[in-house]
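Please examine the sequence and the model together before reading on.

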Amino acid sequence: MHALVLAAMLCAKAVDDAVGLVMREQHVAGLSIAAYSHGRLTCMRGYGFARIGTRTPATPATVYRIGSLTKSFTAAAVLRLAAQSKLELTRPIGDYVSVPWQTPVTLEELLAQTSGIPDYTEAPSLSRYAPYPPQQLIDAVASRPLLFPPGSAYAYSNTNYVLLGIAIERVSSLPFSAFLESEVLAPAGLRSTRYGDAQNEARGYARDALNLPVRPTSAEYGFSAAGMSSNAGDMLRWLSLVAPPYYGFSRGLIYGYDVYYARGYVNGYSSFALFDDAHRDALVILTNADALDLTPLAMDVFATLEPPKPGTRAPQAF
């Protein structure tokens, strides 16, 4: 059997065991995983079910909603427009989009999560199930002051990336989804990745003994911050293509290795992506399980890609 095909079908027994344990203990319906080590594919596999009712198995091709993993794609779209001289990262977002805050906030500060703008997902006036226009997400926190002077601190806010999505639409004269497809997804060869729902996507489930279906978050509520879907193969390819300064990812130290990572959560789905550029390692874990912290599983899988350095047992900053 061709080695690449074999790698796509099989994972190391340690990975199988770690995934199996998490799925049993956390009542996970389905999970897909993909990883490479030193640039070589080592694992690509699905476990459990994408849809329990029809007994549809989860495979590497299964599409899941990826939540905040969306942000790296939005960042790539912004950088594409910057390369076309249609956006300038050092200019205030107010030069492109109407914003209620008088203090200038640059695009770079939005990308880096240092704007101080409040997170609209904390606004009680919004429902995560409703299809809001993007401006309404901004309006939900318009009366709240900035949390700190822009650039002076870090605070994760989905509002930052919604503002970037609106700016993309304004300067490109295209819907966010259309610009993303033509300028980011198609050039990268990501055929199973898109903004919005996918017809063949996995069904989202609660993590309980019954694995009850969960009402999904609307794509419009997530918009350019958390409204995309993808599969494990596409996401692994995407991690091989992202470049510094790695907007949309956080930086951490795991087992002595410098890595970048991102977590994604929307109703019924949890996701995790991690890469170490220095050693050309990467992994993606996508699930149709609600509110599942995949960090411990990611740590176990990463340990199969790179042996922990002496004296390191857990992430020092992760």
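This is a predicted model: local features need pLDDT of at least 70, side-chain atom pairs count only at pLDDT 80 or more; totals for chains, interfaces and linings use all residues.

Residues are numbered from 1 along each chain as its sequence is written, and side-chain values use heavy atoms, with hydrogens and water left out. The score pLDDT is the predictor's confidence in each residue, from 0 to 100. Its average over the protein chain is 93, and 95% of the residues score at least 70. Residues 1-8, by contrast, stay under 50 in pLDDT, and the model gives them 11 contacts beyond four places in sequence; a contact here means heavy atoms within 4.5 Å.

Helices (H or I, at least four residues) and strands (E, at least two) are DSSP runs, numbered from the N terminus.

Which strands pair with β9? Two strands are taken to pair if DSSP finds at least two bridges between them. Strand β8 (residues 257-266) is antiparallel to β9, with 7 bridges, and strand β10 (residues 281-287) also runs antiparallel to β9, again with 7 bridges. Residue S271 illustrates both pairings: G264 stands opposite S271, and in β10 the bridge partner of S271 is L286. The connections are hairpins. Between β8 and β9 there are 2 residues, and G268 in that turn has a positive phi of about 90°. Between β9 and β10 there are 4 residues, and R280 takes a positive phi near 55°.

Another sheet is open and consists of 3 strands in the order β4-β6-β5, with antiparallel pairing. Its edges are β4 (64-67) and β5 (194-195); each has a single partner strand, so one side of each is left without a neighbour in the sheet. Strand β4 is joined to strand β6 (residues 228-230) by 3 bridges, and R65 stands opposite S229 of β6.

Residue T217 connects the discussion of these regions. It lies in the loop between β5 and α8 (219-226) and is buried, with a relative accessible area of 7%. Leaving aside residues up to four places away in sequence, T217 touches R65, R128, Y129, V266 and N267. The T217 side chain reaches the backbone nitrogen of N267 at 3.0 Å. Although T217 and G268 are 51 residues apart in sequence, their C-alpha atoms are 8.1 Å apart in space.

The interior can be described through its nonpolar cores, each a set of buried Ala, Val, Leu, Ile, Met, Phe, Trp, Tyr and Cys residues joined through side-chain atoms within 4.5 Å. In soluble globular proteins, nonpolar side chains tend to be buried together. The largest core has 74 residues, of which F73 and L180 touch the most other members. Helix α6 (residues 158-172) supplies the largest share of this core, 7 residues. Beyond four places in sequence, L180 touches F73, A77, L185, Y195 and M228. A second, separate core of 30 residues includes A18, V28, Y257 and A289.

Charged pairs complete the description. A salt bridge is a side-chain nitrogen of Lys or Arg within 4 Å of a carboxyl oxygen of Asp or Glu, and by this rule the count is 7. One of them joins R65 and E201, at 2.9 Å from N to O. R65 lies in strand β4 and E201 in the loop between β5 and α8, so the pair ties together parts that are 136 residues apart in sequence. Both R65 and E201 are buried, and R65, D197 and E201 are linked in a network of salt bridges.

Where do the partners D16 and R45 lie? D16 is in helix α2 (residues 13-26) and R45 in strand β2 (residues 40-51), 29 residues apart. Their closest N and O atoms are 3.0 Å apart. D16 is partly exposed at 22% relative accessible area, and R45 is partly exposed at 27%. A further salt bridge joins R251 and D258 at 2.7 Å between the closest N and O atoms; R251 counts as exposed at 56% relative accessibility, whereas D258 counts as partly exposed at 33%.

How values were computed
Buried means under 20% relative accessible area, exposed over 50%, partly exposed in between (1.4 Å probe, protein chains only). A polar contact is a pair of N or O atoms within 3.5 Å; within protein, one must be able to donate a hydrogen and the other to accept it, and residues adjacent in sequence count only if both atoms are side-chain atoms.
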